[in-house]
Amino acid sequence: MSTKIGKYTLRLDTSPSIIGSAAIGGKKEGEGPIGKMFDLVNYDALFGQKSWELAESEMQRQAAQKVLDKCSLSPGDIQYLFAGDLLNQIVASHYGLRELGIPFFGLYGACSTMAESLILSSMMIEGELAKKVMAITSSHFCSAERQFRFPLEYGGQRAPTSQWTATAAGACIVAENSQPPYVKAVTVGCIEDKDIKDLNNMGAAMAPAASTTIKRYFQDTLTGPDNYDLILTGDLAQVGSDLLAELLLREDYDIKKKHADCGLILYDRGTQDVEAGGSGCGCAAGVLCSYIIPAIREGKIKDMLFVATGALMSPVSVQQGQNIPGIAHLLHLSSTPNPTTQQGGNA
Amino acid sequence: METVTNQSYDQMVKKASPPSKSARNISMAFLVGGAICTLGHALIRLYMSMGVPEETAFPAASITLVFLSALFTGLNIYDKLAKWGGAGTLVPITGFANAITAPALEFKSEGYIMGLGAKMFIIAGPVIVYGIAAGVVYGVILYLFQLY
Amino acid sequence: MELFWEYAKAFLVGGAICAVGQVLIDFTKLTPARILVIFVVLGVVLGALKIYQPLVDWAGGGASIPLTGWGSTIAKGTRDAVAEKGIFGALSGGLTGSAAGVAAAIFFGFLSAVAFKPKAKEE
């Protein structure tokens with residue numbers, strides 16, 4: 001069973017395994033630096049559907065199907081499904097996954113949803129409440145743009161601090177301890193508000209949450225950046241990454257050499273015109289499911305922290321002049337399980 | 001625990017955020033905006049040379065530009081131009097037409113009435129509201145003080 | 001040469017008005033929609049003060065094509081209508097004066113929306 005360490009961190013003593021992952025991307029993501037690692041790149045932004053919202057649903061459906069195929073499982077083998085996306089009332093998940101017939105939990109964690117769904121899935125396995133659980137999330141540039149910003153055909157300039165919502169979906173299946181990557185510990189984040197109001201600077205809104213969650217994890221586990229190969233944040237992009245490094249340096253944690261951000265991995269900022277970098281649920285999910293999980297499985301990455309961040313606003317709250325609070329959830333992913341598993345097993 | 005206050009974080013954010021490339025943006029706005037207006041002027045001259053009276057040639061030129069803007073918006077050209085032109089494509093009447101056409105086209109997926117018809121004004125609506133309201137206020141002042 | 005100067009005036013005045021808009025975008029927190037509202041209301045005010053018409057006479061399209069020019073047509077329409085119909089003209093004049101731009105934008109916008117399909121942005 002899990003052990004509470006410190007105030008915020010939960011060690012998952014059975015070390016649940018991520019037994020499979022799949023990532024689906026759009027054209028721009030496919031042309032990016034890790035484009036070749038996606039399981040499927042769809043060059044039609046509509047995914048053969050009638051609307052951007054249905055396109056995102058179809059992308060989630062494809063991601064779920066792909067991960068099931070890769071693990072040689074059928075929907076009936078999965079006991080619970082944790083899913084979410086950025087659209088109002090998370091319709092992309094609802095419409096995309098309705099045909100699977102898997103008991104369903106809908107989540108909203110903005111762009112932190114991949115970490116949120118993975119944490120809940122791992123807890124389910126750790127608590128022996130299920131044998132196999134799926135975590136899935138997505139974002140689509142076009143559906144997000146028209147909901148949060150402007151119609152696609154509207155002529156406007158993007159601020160240099162703004163981020164590009166990824167068209168991508170990622171899905172993982174979590175099961176009992178069997179193979180790397182193992183989920184060794186999780187830290188659930190609190191909602192953090194540092195008075196940021198600029199809709200075009202999400203990285204700045206989310207960096208304080210990432211900093212707090214990472215700091216709490218280090219304090220709880222008595223570890224530091226040197227204990228990990230990689231500290232991977234979800235979608236802070238360039239502005240948020242710089243701020244995170246500075247915030248943590250003030251706490252005497254120098255993460256510069258270990259830190260990477262999915263928003264900076266997914267696109268080439270030099271040639272792909274994404275301003276500060278990528279964002280969206282699909283950004284963290286796509287990078288994790290295509291590039292990171294296989295790298296841990298092959299032993300290229302041994303111990304890492306996956307910290308997906310979300311900006312918790314809505315178009316209404318922004319128009320009413322409210323702040324943009326952020327959140328960050330953390331998972332310690334590793335190529336080796338927690339020692340207790342080897343000693344005591346599941347007895 | 002909290003060593004960084006909201007105020008000091010605000011300073012950090014300002015330092016970390018790259019500024020807009022204003023010199024480039026403003027020159028591009030000047031060039032693109034100037035070019036659109038020059039095209040408008042050429043249209044006015046063209047219509048007047050065809051014998052159209054001046055008070056009709058001016059609105060006719062505006063209408064022609066509005067037509068071109070609606071067309072280029074539909075062809076996905078206007079937003080690409082706006083990426084470079086900035087306010088140069090926003091401030092001329094073509095920007096107004098783009099602000100009407102873009103949501104109409106984008107929200108067609110929600111139907112012709114509540115989608116295209118209603119959402120057409122989500123960006124440009126305020127321009128009409130405050131323009132007309134200012135005109136009525138002006139008219140009432142004119143009437144009350146018999147200034148006309 | 002005279003023709004060149006005439007077009008140069010249109011270019012310079014139109015470009016300058018747009019450059020002011022860009023300064024507002026880059027150096028203030030104003031959103032594009034707010035900037036458009038400011039330009040139109042400013043056009044109405046300048047039109048009402050009879051400052052804008054001389055600029056239109058001087059720069060032609062350079063002053064009539066920016067949204068300030070559209071605002072000035074609201075003022076001009078209102079002035080003419082109040083002179084002709086009294087207080088009712090205060091309500092009808094603005095739209096009459098600016099009708100060409102609004103009706104064209106609505107109608108051509110409608111046609112374009114019906115004719116084309118939304119496409120994804122690549123850049």
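## Chain C in outline

In what order do the elements of chain C run from the N terminus on? They run α-α-α-α-α-α. Chain C has 6 helices and 0 strands. Helices (H or I, at least four residues) and strands (E, at least two) are DSSP runs, numbered from the N terminus. This is a predicted model, in which local features need pLDDT of at least 70, side-chain atom pairs count only at pLDDT 80 or more, and totals for chains, interfaces and linings use all residues. Residues are numbered from 1 along each chain as its sequence is written, while chains are lettered from A and ligands numbered from 1 in the order in which they are written.

The C-alpha trace of chain C spans about 55 × 40 × 35 Å along its principal axes. Of the 123 residues in chain C, 54% are buried. Buried means that 20 or more other C-beta atoms, placed from the backbone, lie within 10 Å of the residue's own. Take the contacts in chain C between residues at least 6 apart in sequence: 58% join residues at least 24 apart. A contact here needs C-beta atoms, placed from the backbone, within 7 Å.

## Chain C against its partners

Chain C puts 64 residues in contact with 61 residues of chain B. Elements giving two or more residues to this side of chain C are α1 (2–27), α2 (32–48), α4 (61–64), α5 (67–85) and α6. The largest share, 21 residues, comes from α6(C). By class, the side of chain C that touches chain B has 43 nonpolar, 18 polar and 3 charged residues. Ala, Val, Leu, Ile, Met, Phe, Trp, Tyr, Cys and Pro count as nonpolar, Asp, Glu, Lys and Arg as charged, and the others, Gly among them, as polar.

With chain A, 6 residues of chain C contact 7 residues of chain A. The chain C side of this contact has 3 nonpolar, no polar and 3 charged residues.

## A helix pair across B and C

Helix α8 (residues 125–145) of chain B meets helix α6 (residues 87–115) of chain C. Their axes come within 8 Å and cross at roughly 140°. Axes are lines fitted to C-alpha atoms, for helices over the stretch in contact, and angles run from 0 to 180 degrees between N-to-C directions. The crossing of α8(B) and α6(C) is right-handed, meaning that the near helix is turned clockwise from the far one by less than a right angle.

In α8(B), the contact residues include Gly131(B), Gly135(B) and Gly139(B). Among those in α6(C) are Gly89(C), Gly93(C) and Gly94(C). The contact has 10 nonpolar, 7 polar and no charged residues.

## A helix pair within chain B

Helix α3 (residues 54–74) and helix α6 (residues 93–106) of chain B have axes that come within 8 Å and cross at roughly 40°. That makes α3(B) oblique to α6(B). Oblique covers angles left over once those under 35 degrees (roughly parallel), over 145 (roughly antiparallel) and 65 to 115 (roughly perpendicular) are set aside. This crossing is right-handed.

Among the contact residues are Ser62(B), Leu65(B) and Val66(B) of α3(B), and Ile93(B), Thr94(B) and Ala97(B) of α6(B). The classes are 7 nonpolar, 7 polar and no charged.

## Two domains in chain A

Chain A is divided into domain 1 (16–175) and domain 2 (182–337). The bounds come from an automatic or database domain assignment. The domain centres, taken over C-alpha atoms, are 18 Å apart. Domain 1 brings 49 residues to the contact and domain 2 brings 50. On the domain 1 side, α4(A) gives the most, with 7 residues. That side divides into 25 nonpolar, 19 polar and 5 charged residues.

Technical notes
Contact = placed C-beta atoms within 7 Å. Buried ≥ 20, exposed ≤ 12 C-beta atoms within 10 Å, placed from the backbone.
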